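Hi everyone, thanks for making time this morning.

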Amino acid sequence: MVERRAYINALAGRTPGHDVHRLFIDWAESQVEDPRMRKLFIRMADRSGIDHRWSVLAPPEGQPHDRPGGFYHAWPSTATRMRCYAEEAPKLALGAIEGLREKIALDGVTHLVVASCTGFVAPGIDQIIARALGLDNVERTAVGFMGCYAAVCALRTAFHIVRSDPDARVLTVAIELCTLHLQKTQALEQLLAMLQFSDGAAAALVTAEPRGFEMSHLFSRALEESAELIQWKIGDTGFEMTLSGEVPHRIQHALERPEVRALLHNGWAPEEIDSWAVHAGGRSILDAVEKGLELPQGALSASRDILARCGNMSSATLMFVLDELMARPGVDKGVAIAFGPGLAAEGFHFQRAQ
């Protein structure tokens, strides 16, 4: 029996044009009244490993978004934020797809898989994208509200489609507008969580053609007694993120366990793995993975580079990291992994097509 395989042939990412990282830091600093907490926020911001974060929202004449003329001047309702999502998310997603088209032909697409957790609209983003691309007879799947590991879930869906139908050509898209969900708060933990997030979209083509990265050994693991550590709730003024400072410690502890390492390695010796594509959820997350798996310095350079240039774009981030690794010479065998609500880890092995 011939083993059916699936390959990520190419990837491309796109960010919007407004760099808001410095503006956010200045704004957040002004929100914290306690001088001691303000100094702690500044120190944590300086150590974040982030240089730029991008937003679809244009700052009013270079001022923070809560100034007159800014999107957050009146702290908009969830409905207002969703109207912005419905308008801007398809544009950014189509930009990522256009970037993908510059790398590989997208004719003959049979399936479209779209992941997003930062907005809702019906007809869905998948339908809007399909209509814009003229994909009238394409099978669509929407992966919704799964958080930062949703790119793995979307690529896994594409993997199974291609393995069941070798003629399938699956366009896979992750689109997130995290900056639509800024909250007015003085709580340090919330401000540090918002400090990480950025807008971005990524697209990939998955087929049975042996080109790019072959996917294999898919895995999923929930960490015990951790459901409260990452929460993403719909409030009256946007989606409210809870990101506990305990997350990095829990991840490191889990990765130190032999049974979890065995799940990630899945038959590959540690020395066989030359690359790690880790969701760039934050500097402390990457530090925790590096320590938990006892990785050498520089092993997560692709993830750290994406974090510095783009911030945490939720589900789109891992695809940015994979795109960077695909362009690097010497990348042959790797493990992709992302963490999100649950607290859970989702991932797969990837190997350069021969």
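How many aromatic pairs does the count come to? The count comes to nine aromatic pairs, where rings of Phe, Tyr and Trp (its six-membered ring) pair if their centres lie within 6.5 Å, and planes under 30 degrees apart count as stacked, over 60 as edge-to-face and the rest as tilted. One of them is Trp27 with Trp75: the ring centres are 6.0 Å apart and the planes are at 40°, so this pair is tilted. It links distant parts of the chain, 48 residues apart, with Trp27 in helix 1 (residues 21-31) and Trp75 in the loop between strand 3 (54-55) and helix 3 (78-101). When I say helix or strand, I mean DSSP runs numbered from the N terminus: H or I of at least four residues for helices, E of at least two for strands.

Before I go on, a word on the model. It is a predicted one, where local features need pLDDT of at least 70 and side-chain atom pairs count only at pLDDT 80 or more, while totals for chains, interfaces and linings use all residues. Residues are numbered from 1 along each chain as its sequence is written, and side-chain values use heavy atoms, with hydrogens and water left out.

Back to the tryptophans. Trp27 and Trp75 are both buried, meaning under 20% relative accessible area, with exposed being over 50% and partly exposed in between (1.4 Å probe, protein chains only). They also belong to one aromatic cluster, together with Phe24, Phe71 and Tyr72.

Now please find Phe145 and Phe239. This aromatic pair is edge-to-face, at 5.7 Å centre to centre and 85° between the planes. Phe145 lies in the loop between strand 5 (139-144) and helix 5 (150-164), and Phe239 in strand 10 (residues 238-243), so the pair ties together parts that are 94 residues apart in sequence.

With a relative accessible area of 3%, Ser314 is buried.

That brings us to helix 10 itself, residues 301-310. Which of its residues are buried? Ala302, Ser303, Ile306, Leu307, Ala308 and Cys310 are. The cover over these buried residues includes strand 3, strand 11, helix 9 (283-292) and helix 11 (316-326). Just after helix 10, Gly311 takes a positive phi of about 75°.

Let's follow strand 11, residues 275-278, where Ala277 sits. Ala277 counts as buried because its relative accessibility is 0%. What does Ala277 touch? Leaving out residues up to four places away in sequence, Ala277 touches Ser303, Leu318, Val321, Leu322, Leu325, Val335, Ala336, Ile337 and Phe350, a contact being heavy atoms within 4.5 Å.

Two peptide bonds deserve a look on your screens. Ala122 and Pro123 are joined by a cis peptide bond, with omega about 0°, and Pro123 is in the loop between strand 4 (111-116) and helix 4 (125-133). The bond from Gly342 to Leu343 is cis as well, with omega near -20°. Leu343 is in the loop between strand 12 (333-340) and strand 13 (344-352).

Finally, the whole chain. It has 11 helices and 13 strands. Its radius of gyration is 20 Å, close to the 20 Å that the globule rule gives for 354 residues, so the chain is as compact as a globular protein of that length; the radius is taken over C-alpha atoms, and the rule is 2.2 Å times the number of residues to the power 0.38. Along its principal axes, the C-alpha trace spans about 65 × 50 × 35 Å. Of the 354 residues, 57% count as buried. Among contacts with a separation of 6 or more, 79% come from residues 24 or more positions apart.
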